[in-house]
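I am opening a notebook on a structure that is new to me, and I will write down what I look up as I go. The sequence and the structure come just below.

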Amino acid sequence: MEKMKVGVVGATGMVGQRFLTLLENHPYFEVVALAASARSAGKSYEDAVGARWKMKTPMPEKYKNMVVRDAADIDAMAELVSFVFCAVDMKKDEIRALEEAYAKHEIPVVSNNSAHRWTPDVPMVIPEINDAHLAVIEAQKKRLGTKRGFIAVKPNCSIQSYVPALTPLRKYGIKEVVATTYQAISGAGKTFREWPEMIDNIIPYIGGEEEKSEQEPLRVWGTVENGEIVKAEAPVITTQCIRVPVSDGHTAAVFVKFENKPSKEEILKAWAEFSGKPQEYKLPNAPEQFITYFEEDNRPQAALDRDIYGGMGVTVGRLREDTVYDYKFVGLSHNTLRGAAGGAVLIAELLYKEGYFN
């Protein structure tokens, strides 16, 4: 099978680096172009990244001598690639303009950025949960005047630690959710070497994160109506987002109130049986089990459990009845795999399987 030729825009940053490690031996996709800011353009990838390689595994040999292109030179990229992954560090309006320019050049964009998460006809997808939102792409292409160019985005990394666990429980009428997320430093694109002040420290604020954590689940649970995603009205969600001294893995402590309170056994059964299109299609990056529940009181733990199913599974533990809410539990997901680059690659695999790149 001939692989699709793809580009990574924003290849020098932490998420761009993660894309390259995930795509090194991908069965569907072959990375043929790397793009970044004008200051990196013209350098080899190894020189452009320099000492800023942040992955635990070494830089793949196949990318070291690739010449980095200017992300703004879309005509040159269009001659090389069938679609791009995008993870750029720019202002939101600049990202919106750049991604639309790629789409209008008939290059589909699978984005890790937040800029288009609330564009009404751009699907924001967790593939196991709301693959039906991809249907909005037809309306987006009409707006953009394209035949195959479009944008699809993944949601914020923090919500992947609790939205998957809540989704199969929506049939019981979720009324209220309180969630506190304990977020790894890689969510800020940092390592401990670059951010020593995080060692032995907690920072009780992450800019913009609480609004995203409260609102984005409602969009994921929304519906496609008249060529737009209409967000769900309920439940009410309130969050606090805290930066903690962990390299990778976002943990969430969650409290939930239902209209029709399920039994603990019903919740555990719903989690065990929950799967979606990625599992049905056996996509390369799909976790065999989407949600894994731990019976032990001291799990899930970031260091032990973030890499389950290649960092693409979600783990849950400590489900118990609460004195104020109906239930409480703890969730965990890998923020740069399931929550960032891995989630975007899984979206691309689904788009590929369903013919959106044709």
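This is a predicted model: local features need pLDDT of at least 70, side-chain atom pairs count only at pLDDT 80 or more; totals for chains, interfaces and linings use all residues.

I began with β7 and found that eight bridges join β7 to strand β11 (residues 250-258), the two running antiparallel. I noted the conventions here: strands (E, at least two residues) and helices (H or I, at least four residues) are DSSP runs numbered from the N terminus, and two strands pair if DSSP finds at least two bridges between them. Within this pairing I looked up Thr180, which stands opposite Ala253 in β11. I then turned to strand β10 (residues 236-243), which pairs with β7 in the parallel sense, again over eight bridges; here Val177 stands opposite Ile237 in β10.

Residues are numbered from 1 along each chain as its sequence is written, and side-chain values use heavy atoms, with hydrogens and water left out.

Entry on the open sheet. I traced six strands in the order β3-β2-β1-β4-β5-β6, with parallel pairing. The edges are held by β3 (68-70) and β6 (151-153), each of which has a single partner strand, so one side of each is left without a neighbour in the sheet. From one strand to the next the twist averages 30° (axes are lines fitted to C-alpha atoms, for helices over the stretch in contact, and angles run from 0 to 180 degrees between N-to-C directions).

Six bridges join β1 to strand β2 (residues 29-36), which run parallel, and the bridge partner of Gly7 in β2 is Ala33. I also found β1 mostly covered, with five of its six residues buried; buried means under 20% relative accessible area, exposed over 50%, and partly exposed in between, with a 1.4 Å probe and protein chains only. Strand β4 (residues 83-86) is joined by three bridges to strand β5 (residues 109-111), and these run parallel, with Cys86 standing opposite Ser111 in β5. Helix α5 (residues 92-104) packs on the sheet, where it touches β1 (4-9), β4, β5 and β6, and its direction makes about 155° with that of β5; contact means heavy atoms within 4.5 Å.

Entry on helix α10. Which residues of α10 (residues 264-273) are buried? I find Ile267, Ala270 and Trp271. Seen down the axis of α10, they fall within an arc of 95°, so they line one face of the helix; the arc is that of the directions from the helix axis to the C-beta atoms. On the other side of α10, Glu265 and Glu273 are exposed. The buried residues of α10 pack against α8 (163-166), β12 (291-294), β13 (314-321) and β14 (327-333).

Pro127 is found in helix α6 (residues 127-130) and counts as buried, at 1% relative accessibility. Leaving aside residues up to four places away in sequence, Pro127 touches Lys277, Pro278, Arg338, Leu346, Ile347 and Leu350. Although Pro127 and Ile347 are 220 residues apart along the chain, their C-alpha atoms are separated by 6.0 Å.

Not counting residues up to four places away in sequence, Trp118 touches Gln215, Glu216, Arg219 and Lys231.

Thr191 lies in the loop between β7 (174-183) and α9 (209-220), and I note that Thr191 is buried, with a relative accessible area of 17%. With the same exclusion of residues up to four places away in sequence, Thr191 touches Met14, Lys54 and Ile185.

Entry on the whole chain. I count 14 helices and 14 strands in the protein chain, and buried residues make up 58% of its 358 residues. Along its principal axes the C-alpha trace spans about 60 × 50 × 40 Å.
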